[in-house]
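Subject: Structure handover

Hello,

Here is the structure we talked about handing over.

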Amino acid sequence: MRKQDMELGLVGLGKMGGNMRERIRRAGHTVIGYDRNPDVADVDSLKALVDSLAAPRVVWVMVPAGPATASTIAELAGLLSPGDVVVDGGNSRWTDDIAHGKTLADHGIGFVDCGVSGGVWGLENGYALMCGGTADDVAKVRPIFDALKPEGDSGFVHAGKIGAGHFAKMVHNGIEYAMMQAFAEGWELLEASDEVTDVREVFRSWQEGTVIRSWLLDLAVRALDDDEHLAKLKGYAQDSGEGRWTVEAAIDLAVPLPAITASLFARFGSRQDDSPSMKMIAALRNQFGGHAVETNE
């Protein structure tokens with residue numbers, strides 16, 4: 001290996017993890033991947049993954065938040081050595097990071113929490129990375145961060161101590177909720193109008209020169225190109241957890257979040273009837289993250 005190259009163990013090779021493995025490899029680094037699906041895994045167990053890496057090791061975990069992450073980190077704590085580092089790149093709650101960091105610290109193992117944004121487009125466009133942990137632990141992972149982030153100066157931040165990365169990603173997702181809700185409500189109003197006869201082209205006209213131009217708007221146009229009136233979709237949108245955690249944190253810190261809170265409640269409303277605006281929310285979530293949608297077919 002060239003001097004700047006490094007080895008990484010990657011646990012979880014789903015839609016995000018699999019693409020991340022490919023992007024890191026394209027940057028010239030060695031990635032040993034483990035997944036419960038043997039068809040995509042490079043090794044057949046966490047122990048085999050750890051044994052394949054030279055010390056000091058860095059192992060990046062990309063599995064669902066909650067029990068799956070906790071059990072993976074607990075198992076790694078018994079397999080890794082002092083001086084190694086574990087990165088949690090899933091959507092864990094920041095309070096869980098503090099417990100995971102302590103578990104690993106008791107074994108002399110470092111911990112970095114990293115919020116990752118980029119969805120199914122990250123392989124080609126790069127991922128926005130928000131991490132928390134000590135400066136020394138973050139530095140050990142920095143070549144991987146540099147491989148994953150977009151080209152240029154933006155796309156990576158060491159946001160603070162353990163928990164800061166996932167807290168920042170949580171707020172990012174709360175903002176995302178509110179932005180999607182605004183586009184969805186505007187789309188529903190245009191669709192209800194007798195005067196506007198080409199809603200899709202109105203959205204397309206906003207892509208250049210307007211203050212609301214954005215990647216989400218581009219994805220909305222893409223969704224409308226696929227299904228002009230979103231007739232194939234049901235007006236149902238799931239929430240992934242970060243929106244709820246954002247609102248709970250705002251309550252704890254006495255910070256008013258009227259737009260984000262309303263957007264979360266709007267998703268709850270989508271589960272009671274077939275909401276037109278939630279068709280756009282569902283379409284956007286599918287466009288950027290590959291999230292499943294419910295259809296009328």
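Start with a salt bridge: Asp-225 pairs with Arg-204, and their closest N and O atoms are 2.7 Å apart. Asp-225 sits in helix H9 (residues 215–226) and Arg-204 in helix H8 (residues 199–205), so the pair ties together parts that are 21 residues apart in sequence. Please keep in mind that this is a predicted model.

How exposed are the two partners? Asp-225 has 38% relative accessibility, so it counts as partly exposed. Arg-204 is at 30% and therefore counts as partly exposed too. The pair also belongs to a network of salt bridges, which links Arg-200, Glu-201, Arg-204, Asp-225 and Glu-228. The structure holds 14 salt bridges.

Next, Arg-26. Which side chains does Arg-26 meet in salt bridges? One is Glu-22, at 3.0 Å from N to O. Both residues lie in helix H1 (residues 15–26). They are 4 residues apart, about one turn of the helix. Glu-22 is partly exposed, with a relative accessible area of 32%.

Glu-124 is also a partner of Arg-26, at 3.1 Å from N to O. This pair links distant parts of the chain: Arg-26 is in helix H1, Glu-124 is in helix H5 (residues 122–125), and 98 residues separate them. Arg-26 is exposed, and Glu-124 is exposed as well. As a general point, side chains of opposite charge can pair when their charged atoms come close.

Now the strands. Take E1 and E2. Strand E1 (residues 7–11) and E2 pair in the parallel sense, over 5 bridges. Within E2, Ile-32 is the bridge partner of Gly-9. The chain crosses from E1 through H1 to E2, and this β-α-β crossover is right-handed. Strand E2 (residues 30–34) is mostly covered, with 4 of its 5 residues buried.

E1 also pairs with E3. The two run parallel and are joined by 3 bridges.

E3 continues the pairing to strand E4 (residues 85–88). These run parallel, with 4 bridges between them. Val-61 stands opposite Asp-88 in E4. E3, helix H3 (residues 67–79) and E4 make a right-handed β-α-β unit.

Are the faces of strand E3 covered or open? Both are covered in E3 (residues 58–61). Val-58 and Trp-60 are buried on one side. Val-59 and Val-61 are buried on the other.

On to single residues. His-100 lies in helix H4 (residues 94–105). Is His-100 buried or exposed? At 9% relative accessibility it counts as buried, because the cut-off for buried is under 20%. Leaving out residues up to four places away in sequence, His-100 touches Thr-69, Ala-70, Ile-73 and Phe-111.

Glu-294 is in the segment after helix H12 (276–289). Its relative accessibility is 38%, so Glu-294 counts as partly exposed. Which residues does Glu-294 touch, not counting those up to four places away in sequence? Lys-232, Leu-233, Lys-234 and Tyr-236. How far is the C-alpha atom of Glu-294 from that of Glu-228? They are separated by 17 Å, with the residues 66 apart along the chain. Glu-228 is the residue named above in the salt-bridge network.

Last, the surface. Val-171, Ile-175 and Met-179 form a nonpolar patch there. Together they have about 220 Å² of accessible area. Met-179 has its place in helix H7 (residues 164–192). With a relative accessible area of 37%, Met-179 is partly exposed.

Then view Arg-26 with Glu-22 and Glu-124.

Best regards

Definitions and conventions
Residues are numbered from 1 along each chain as its sequence is written. This is a predicted model: local features need pLDDT of at least 70, side-chain atom pairs count only at pLDDT 80 or more; totals for chains, interfaces and linings use all residues. Side-chain values use heavy atoms; hydrogens and water are left out. Patches are made of residues with over 30% relative accessible area and no salt bridge: like charges are joined within 9 Å, nonpolar side chains (Val, Leu, Ile, Met, Phe, Trp, Tyr) within 5 Å. Accessible areas come from the Shrake-Rupley method with a 1.4 Å probe; for residues, only the protein chains shown count as cover. A salt bridge is a side-chain nitrogen of Lys or Arg within 4 Å of a carboxyl oxygen of Asp or Glu. Buried means under 20% relative accessible area, exposed over 50%, partly exposed in between (1.4 Å probe, protein chains only). Two strands pair if DSSP finds at least two bridges between them. A crossover is right-handed if, with the strands pointing away from the viewer, the path from the first strand over the helix to the second runs clockwise. Contact means heavy atoms within 4.5 Å.
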